[in-house]
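Subject: Structure handover

Hi,

Here is the structure for you to look over. My notes on what turned up follow below it.

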Amino acid sequence: MKGFLYILKCCDGTFYTGSTVDLQRRLAQHQNGEGANYTSKRLPVELVFCQEFERIDEAFAKEKQVQGWSHAKKEALINGDTNQLK
């Protein structure tokens with residue numbers, strides 16, 4: 001089953017990183033305040049990055065990796081600046 005890694009930019013400028021098998025449904029949940037406690041307090045949110053994986057476990061593993069990154073490193077990923085990702 002395919003999976004997606006996604007990054008949302010919250011109204012306060014912070015990022016939320018998640019993974020899902022149904023991106024559109026998950027985004028709607030976040031916008032409705034049902035997605036996560038973190039985003040429900042920082043609405044509205046904007047999808048700023050998405051990457052598709054062949055399997056959801058791959059997306060989940062990448063989510064956990066990216067969650068440990070600094071704000072600047074997440075911005076580099078969003079902007080496609082691969083030099084900053086090393």
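The structure holds two aromatic pairs. Please keep in mind that this is a predicted model.

Aromatic pairs

Tyr6 and Tyr16 make a tilted pair. Their ring centres lie 6.4 Å apart, with 40° between the planes. This pair links distant parts of the chain. Tyr6 is in strand E1 (residues 3–10), and Tyr16 is in strand E2 (residues 15–20). The two are 10 residues apart.

Are these two tyrosines, Tyr6 and Tyr16, buried or exposed? Tyr6 counts as buried because its relative accessibility is 0%. Tyr16 has 17% relative accessibility, so Tyr16 counts as buried too. The cut-off for buried is under 20%.

Tyr16 also pairs with Tyr38. Here the ring centres are 6.3 Å apart and the planes stand at 25°, so the pair is stacked. Planes under 30 degrees apart count as stacked. Tyr38 lies in helix H2 (residues 37–40) and Tyr16 in strand E2, so this pair ties together parts that are 22 residues apart in sequence. Tyr38 has 31% relative accessibility and therefore counts as partly exposed.

Put together, ring pairs link Tyr6, Tyr16 and Tyr38 into a cluster.

Charges over rings

What sits over the ring of Tyr38? The charged end of Arg42 does, 3.7 Å from the ring centre. Elsewhere, Lys73 lies over the face of Trp69. The distance to that ring centre is 4.6 Å.

The sheet

Three strands form an open sheet. Their order is E2-E1-E3, and the pairing is antiparallel. E2 and strand E3 (45–53) stand at the edges. Each has a single partner strand, so one side of each is left without a neighbour in the sheet. Neighbouring strands of the sheet are turned by 20° against each other on average, direction ignored.

As background, strands of a sheet pair through backbone hydrogen bonds, either parallel or antiparallel.

Now the pairings, starting with E1 and E2. They pair in the antiparallel sense over six bridges. Ile7 has Thr17 in E2 as its bridge partner. Leu5 stands opposite Ser19 in E2. E1 and E2 form a hairpin, with four residues between them. Gly13 is in the turn and has a positive phi of about 90°.

On to E1 and E3. How many bridges join them? There are eight, again in the antiparallel sense. Leu8 has Leu47 in E3 as its bridge partner.

What covers what

E1 is mostly covered, with seven of its eight residues buried. E2 is mostly covered as well: six of its six residues are buried. Which way do the E2 residues point? Phe15, Thr17 and Ser19 point one way from E2. Tyr16, Gly18 and Thr20 point the other way. All of these are buried.

H3 lies across E1, E2 and E3, and runs at about 35° to E1. Helix H4 (residues 71–79) also lies across E1, E2 and E3. H4 runs at about 60° to E2.

Lys64

One more residue to look up is Lys64. Lys64 lies in helix H3 (residues 56–67). Its relative accessibility is 43%, so Lys64 counts as partly exposed. The side chains of Lys64 and Gln67 are joined by a polar contact of 3.2 Å. How far is Lys64 from Asn37, 27 residues apart along the chain? Their C-alpha atoms are separated by 18 Å.

To find your way around on screen, start with Tyr16. Tyr16 is in strand E2 and pairs with Tyr6. Tyr16 also stacks with Tyr38 in helix H2. From Tyr38, go on to Arg42, whose charged end sits over the Tyr38 ring.

Best wishes

How values were computed. Residues numbered from 1 in each chain as written. Predicted model: local features only at pLDDT ≥ 70, side-chain atom pairs only at ≥ 80, totals over all residues. Heavy atoms only, no water. Phe/Tyr/Trp six-rings, centres within 6.5 Å; stacked < 30°, edge-to-face > 60°. Buried < 20%, exposed > 50% of the residue type's maximum accessible area, 1.4 Å probe, protein only. Lys NZ or Arg CZ within 6 Å of the ring centre and 35° of its normal. Polar contact = N/O pair within 3.5 Å; in protein donor to acceptor, adjacent residues only side chain to side chain. Pairing = 2+ DSSP bridges. Axes fitted to C-alpha atoms, helices over the stretch in contact; angles between N-to-C directions. Contact = heavy atoms within 4.5 Å.
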